[in-house]
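Work through the following exercises with the sequence and the model at hand. Each task is followed by a stepwise solution.

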Amino acid sequence: MPNLDFSLPHWAYWVGLIIFPMIAMMLARRPRPERREYSLSLGYFILVCGGMLGLHRFYVKSLVGLLFVPVFLAILFANAEGQDARSIVSNANNTVRMAERILDRETGRIKTAEADLPALRQALADAEVGSFAVRRAERDIERAEKRLNDGRAQIAAAESDLAQSRPAAASARADLAYWSNVAKYAFWLLLAAMAVDALLLPGLVKRANAALPAHEQMSEAELALKRLEESERKEDSEWVSPGWTGWIDRTSLFAGEFVSYWAVIAVFVYYFEVISRYVFGSPTNWAHESMYLMFGMQYLIAGSYAMLTEAHVRVDIFYAPMKRTNKAWVDLLTSVFFFIFAGTLLWTSYTFAVDANAVATGNSLVSDWARGSITFGEMVGGWTTGQWTDPAIRWGEISFNEWEVPLWPMKWVMVIGGLLLVLQGISKLAQDIRAVARGA
């Protein structure tokens, strides 16, 4: 199987987190056609992303996609068997290397002991009976004989290990080659089928659209469910308050919608990780870390959206039945605790962000400014293109794994999340004051 030796560039990660949601938001705002049809562009997108499983065939309601599944499963099975064979080869090779080292070491020791033994025995024979020289010669002879016996036992064990491990390694290497060929040929077969379907896909989409009914009919149960959803659903625009607080609410709505599309990125990244790991045997060093950093930032940015749309989990047995004016009084009295939390989050996040930039990183101006070595004006005045292009420059804290992604942008996203939360709290406070004033 070919190897996927790919590590996501840091710039591509951060650019993707910005560009993808913007494109997704524009697509989501497009007017939807009254009659839903199969899309050729979406079909090709599914072919590229999930063609190995025949998902593009399932998209156009073609059961030929079932033929892709057993071939894909054959790749997974062959890779699993190959991994087992690779482990056997590795273990057998280690055993062979250890046995060969034992043979080399003990053979020399035995030769030395055998060469020393006649002289030791002669020394024992020449020593005066009952003297210290006799006891020393006896101990030397005993140690030499023990060295001989131990060495011969280790040599016998090493020869036994070699006799077992060499055939096992050869057999496992043959199995590894066999399963590697099975996975390789199955993979090329899938690629060939995907290439053929890339040519057939326009016709498949055209036939699928021709088979669609002129008017989509919904059952009574579907209509009832749709009416229920529409009655319970509240559009985001309905959460926007009048007056000057409206821009805060719209900012929170935008931030919540923006980061919601990051969940789609996670689907593609983890799909790539699974295919890379189990099909190509090349697990990534960036997929897991990039996603948990992304979800952490998503959680922080979406806080203001959750507050605006009242999506936070809470127990409101006594609060829910209250009138709007009474709710406003309760919110005003308890807002002090919210602002203590949100203010602390904002301040500590700012401290973390500056500390992350203050990590020593060569000649980076940002780190020098964060450490207080230069002023903000000096940092801006000394900026050059080298700050962007020099690969030796790091602007602050980076992760400790092999990917070495900068962590300071995430710390500044914490600041943004804290700021949005404080602003949304101000908007809520203003609305509660309005409600109290109107009720009075």
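Contact means heavy atoms within 4.5 Å. Helices (H or I, at least four residues) are DSSP runs, numbered from the N terminus. This is a predicted model, in which local features need pLDDT of at least 70 and side-chain atom pairs count only at pLDDT 80 or more. Residues are numbered from 1 along each chain as its sequence is written.

**Exercise 1.** Find which helices the buried residues of helix 8 pack against.

Solution. Start with the extent: helix 8 covers residues 262-278, 17 residues in total. Next, list its buried residues (under 20% relative accessible area, 1.4 Å probe, protein chains only): Trp262, Ile265, Ala266, Val269, Glu273, Ile275 and Ser276. These residues pack against helix 1, helix 4 (68-126), helix 7 (246-260) and helix 9 (287-301).

**Exercise 2.** Classify the aromatic pair of phenylalanine 45 and phenylalanine 268.

Solution. Rings of Phe, Tyr and Trp (its six-membered ring) pair if their centres lie within 6.5 Å; planes under 30 degrees apart count as stacked, over 60 as edge-to-face and the rest as tilted. By this rule there are 15 aromatic pairs. In this one, the centres are 5.4 Å apart and the planes stand at 90 degrees, so the pair is edge-to-face. Phenylalanine 45 lies in helix 2 (residues 40-50) and phenylalanine 268 in helix 8, 223 residues apart.

**Exercise 3.** Decide whether phenylalanine 268 is buried or partly exposed.

Solution. Partly exposed lies between the buried limit of 20% and the exposed limit of 50%. Phenylalanine 268 has a relative accessible area of 31%, so it is partly exposed.

Methods
Heavy atoms only, no water. Helix = DSSP H or I, 4+ residues; strand = E, 2+ residues; numbered from the N terminus. Expected span 1.5 Å × (residues − 1).
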